[in-house]
Each structure stands twice: as C-alpha cells, then as structure tokens.
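Please open the model in the viewer and keep the selection tool at hand. The stops below are to be visited in order.

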Amino acid sequence: MLRKLLWTSAPKKLVIAAIAMGTAGLLLAISLKAQPTGGRILSDITISGSAECKTARITFNFPIRYVAHFPQKEGNELRIQLKLLTISPSQELAVLSREAFSPEDDSALLNNVTYEGDTTGGGPYLSLQFSRTAYFTVAQGTDFRSMNVSFGNDAASCPGMTLTVP
C-alpha cells in the first residue's frame, strides 16, 4: 500500500533515488559493522599482582593457541610462538602485521609487548621485553583469546609459578 501511495504521489525518479539511497545506506551500515576491530591484533594488556610478582594478561581479537616459548624460565626477552586458530578473510592481512604496546607504568619490569605476525620460521610470535633479567612462566588463557605471563625479579618472586597449557 505504501509503495503504491509513494509511486503514485511522488515523481518516479525521486522514489527510485530514495530507495537507492536507503539501500546504499543499509549496505554501508552492514559493511562497517562487519569490519574487524580496526585491523588490530592485540585487544588489551592488563598487568596485575604485587611488586614482587606480576601477571600480564594479553588479550587478542581472535583465537590463538600457545605452541612454545623461549627461553624457558628467565631472560631479558621472552618469545612465545603462537598458532592462529580461526581467522576470517578480513583478518588475514592484519595477522601478518606487527603491533607493539608499552605498559603505562614506566617503573614496571616489563618494557614492551610486541605481536610479530610478519616473521618467518613458525610464527607468529609474541615478544615481551624486560628492563632486566626476569623470571617468568607462560600460560594459555582458558578463553583461547589470551596469554598470561607471570614474571618477577628472581625465581622466588612468584611462588608456585607453573606452566599450564590446556
């Protein structure tokens, strides 16, 4: 009924233009909603714990799985090898990029976290750089969208630190 009323009361070109603009607006809204989260890989990094032992929870915008890390217990840099689980076609280029974040607390032992999707040799990797030698453990998040890294100044800083991989 509305279509018949519009078609008979308004000039046909105006009705066609209005329908075309409405359709274009709807398609634009759908395509904007379907875009990945700004092409970003890392969603959030939170650091919690005590002065002696902190845990960095690094959250991703897509599912990941822990593969391995090196060195095993201590060092100035920690490299975590990841496997990407399911990624959409719109995320394929983003996962080949590189992103870096630095904690807001300049006095923290952790200086920076870098996602390295542009490396060859079994990557991608997540690299954590420390201001001095740190003792650490790595744990896959139960949500498969996060990694938890506990770290401290010495081996006794984080009692009960264990490697857990689901």
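Select T114 and display its surroundings: leaving aside residues up to four places away in sequence, T114 touches R98, E99, A100, Y125, L126 and S127, where contact means heavy atoms within 4.5 Å. This is a predicted model, in which local features need pLDDT of at least 70, side-chain atom pairs count only at pLDDT 80 or more, and totals for chains, interfaces and linings use all residues. Residues are numbered from 1 along each chain as its sequence is written, and side-chain values use heavy atoms, with hydrogens and water left out.

T114 belongs to strand 6 (residues 110-116); strands (E, at least two residues) are DSSP runs, numbered from the N terminus. Is T114 buried or exposed? T114 counts as buried because its relative accessibility is 11%, the class being defined as under 20% relative accessible area, with exposed over 50% and partly exposed in between (1.4 Å probe, protein chains only).

Next, select strand 1 (residues 42-49) and strand 2 (residues 53-60), which run antiparallel and are joined by seven bridges; two strands pair if DSSP finds at least two bridges between them. A hairpin of three residues connects strand 1 to strand 2. Highlight D44, whose bridge partner in strand 2 is T59.

Move to P71, in the loop between strand 3 (64-70) and strand 4 (74-84). The peptide bond joining F70 and P71 is cis, with omega about -10 degrees.

Finally, select F144, in the loop between strand 7 (125-140) and strand 8 (146-152). F144 is not a glycine, yet its phi is positive, about 55 degrees. At 25% relative accessibility, F144 counts as partly exposed.

How values were computed: Helix = DSSP H or I, 4+ residues; strand = E, 2+ residues; numbered from the N terminus.
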